[in-house]
Amino acid sequence: MIEAPEAGLATDREAELKYRLKRGDDGLRYVESDELAGLSATGPAVVVQHEDRYVDTAGGAIKRGGHAARIRRSGESDIVTVKSGEEVRDGLADREELEGPAGDTGSPEGWPQSKARDLLLELVRGEPLVEQVTLRQERHKREFAADSTRVEVSVDNVEVMVGEVVAGTFGEVEIELVDGDGAALPAIQAALAGDAALRPAKRSKVESALAIVRRAEERTAKVGARAAKARARRGTTDRTAPSEAVVRVTGNPGVEATDPLAEAGRKVLRFHFARMLAREAAVRDPENHDIEDLHAMRVAVRRMRAAWRFFGDAYRPGKTKQLRGRLRTVGDRLGAVRDLDVLLDGATSYLEHHRPADAVGLVPLLEAWHTERSESERILLVELDSPGYARWHDEYREFVTTDGAAAMPGTPTAPGRVRDTGASRLWTLFEQVRGYEQVMPWADVPTLHQLRIDAKRLRYAFEFLREALPSEAQLLIKPVVALQDHVGALHDADVAAARARALLVEGSSRLTPPERAAVARYLESRERELSRLRRTAHRPYGTIVAPTFRRRLARIVAAL
């Protein structure tokens, strides 16, 4: 348990709890709840975008002086923050924090006077500042209070940038004491102690970001060396790897209601193409990459394919057919590997939490899946290293970065902007999901799987247009994600059960009696989970077809 900071903190100090989010967890429930450890929300959650540039001298004078410096863009001005570099202990950061106006990176000598500027001048002693790393953050924040105590809860989705490419991402929850009794932080820490999605941060954001950059550089060097060896063996000449192409990644695609459909779609495609490329170097290095790199690359491809469905009629089909076709191939190759990762992860969780004693008995099943995964990964890497993929990459990059490319011609009165047809496109996707209402009581697994696909397309459409829609649109995305996750888990249980059953039927003679019994128990557990999820699928679905959802959707599309 942490010790409470002193009550009545000085304005030049910061005390906060910092937690790292489990991979894949967006953490929004921490700002959506109206209560936190006896504190009540004082208003709605708000969303802000930050771009933070962390700076130091070339020789690291600021770090040697026990501090870190950040320049944050705020509106049309820059704010410099200098924090003492005290360690984060058990998730608590209690440190000096000074802020002031900033100017160009260079030297702080010409900046307006402030305590932050004075400390920087003392630390750098005339040396120029250089940028270390840039963090782009989407921050969801909300204040909570009780009596004279106020805290601000922030959920940050962080992108670590190397130039214009995302080197990695992570999520954090921060709970800062704004005013009042410091005992609030230990109380909140105790309330969150059993939350498996959180782990107390051990270092600051900039330290985490710099570690990601170092790993990315090491990974890129290894991939480059392997690629050079492969080209030497094949006798081919060097070329720039697709992952080295620069396509700008911003916090959001930047779609506006007045955008022509073709250019709105291009923004979305460019955004997710950059996210795909940001993970490609790691995916090409199978011995060292995190499985989340492959998952993130696949998600980016899926979103691009969904964007083609949503915006595709704004482009000339003959001009874009090959671009869409190769994207489907890449998605299929990534999906084949990712599906095996999901199966293996599910089986590992089953063994850890339900049947540890069956670890030996399930070896034949897990070995078969590992073998299949290795072959799927080999096929994926062949695709990524093929001349066809290289040509596609160059053509796709040119398409997403060239305004007007392959756009369908229109007339001045044709409904060609986002605000002209966005409402009808969203309603059509919603109607497709609502159409399952009449079969939900007896829907079979294939029908529910198709529902998942249609729900995912609706969710992606909300996300594509999110910046052109009012903030209330975020409230529609959450229930769609809940349905998607529920039916996705159902699909995973169905696939795992089918594969376990196939091993028992087709490979029974190769299994020992204990192995057959272990695989049979796993099969039974997946069938029970499948039955439970199928039986309860109406609950998340009912939220989407309810009048509240429809009324909210009507208000949102009316604002276009």
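Predicted model: local features only at pLDDT ≥ 70, side-chain atom pairs only at ≥ 80, totals over all residues.
Select Ala473, which lies in helix α13; helices here are DSSP runs of H or I with at least four residues, numbered from the N terminus. Ala473 counts as buried because its relative accessibility is 2%, where buried means under 20% relative accessible area, exposed over 50% and partly exposed in between, with a 1.4 Å probe and protein chains only.

Residues are numbered from 1 along each chain as its sequence is written, and side-chain values use heavy atoms, with hydrogens and water left out.

Next, select helix α15, residues 538–545. Which of its residues are buried? They are Pro540, Tyr541, Ile544 and Val545. These residues lie on the same side of α15, because they cover an arc of only 135 degrees around the axis; the arc is that of the directions from the helix axis to the C-beta atoms.

Go to Asp341 in helix α8, residues 317–353. At 7% relative accessibility, Asp341 counts as buried. Leaving out residues up to four places away in sequence, Asp341 touches Ile291, Leu294 and Arg373, contact meaning heavy atoms within 4.5 Å.

Then turn to the largest nonpolar core, which has 78 residues. Such a core is a set of buried Ala, Val, Leu, Ile, Met, Phe, Trp, Tyr and Cys residues joined through side-chain atoms within 4.5 Å. Leu269, Met276, Phe311, Tyr396, Phe399 and Phe462 have the most contacts inside it. Helix α7 (residues 291–311) supplies the largest share, 10 residues. Centre on Tyr396: beyond its neighbours within four places in sequence, Tyr396 contacts Leu269, Phe273, Met304, Trp308, Leu323 and Leu327. A second, separate core has 21 residues, including Val31, Val153, Ala197 and Leu198.

Finally, colour by pLDDT, the predictor's confidence in each residue from 0 to 100. The protein's mean is 85, and 87% of its residues reach 70 or more. Where is confidence lowest and where highest? The lowest is in helix α5 (residues 205–234), at a mean of 64, and the highest in helix α11 (residues 418–434), at 96. Over residues 1–11, pLDDT stays under 50.

Note on methods
Helix = DSSP H or I, 4+ residues; strand = E, 2+ residues; numbered from the N terminus.
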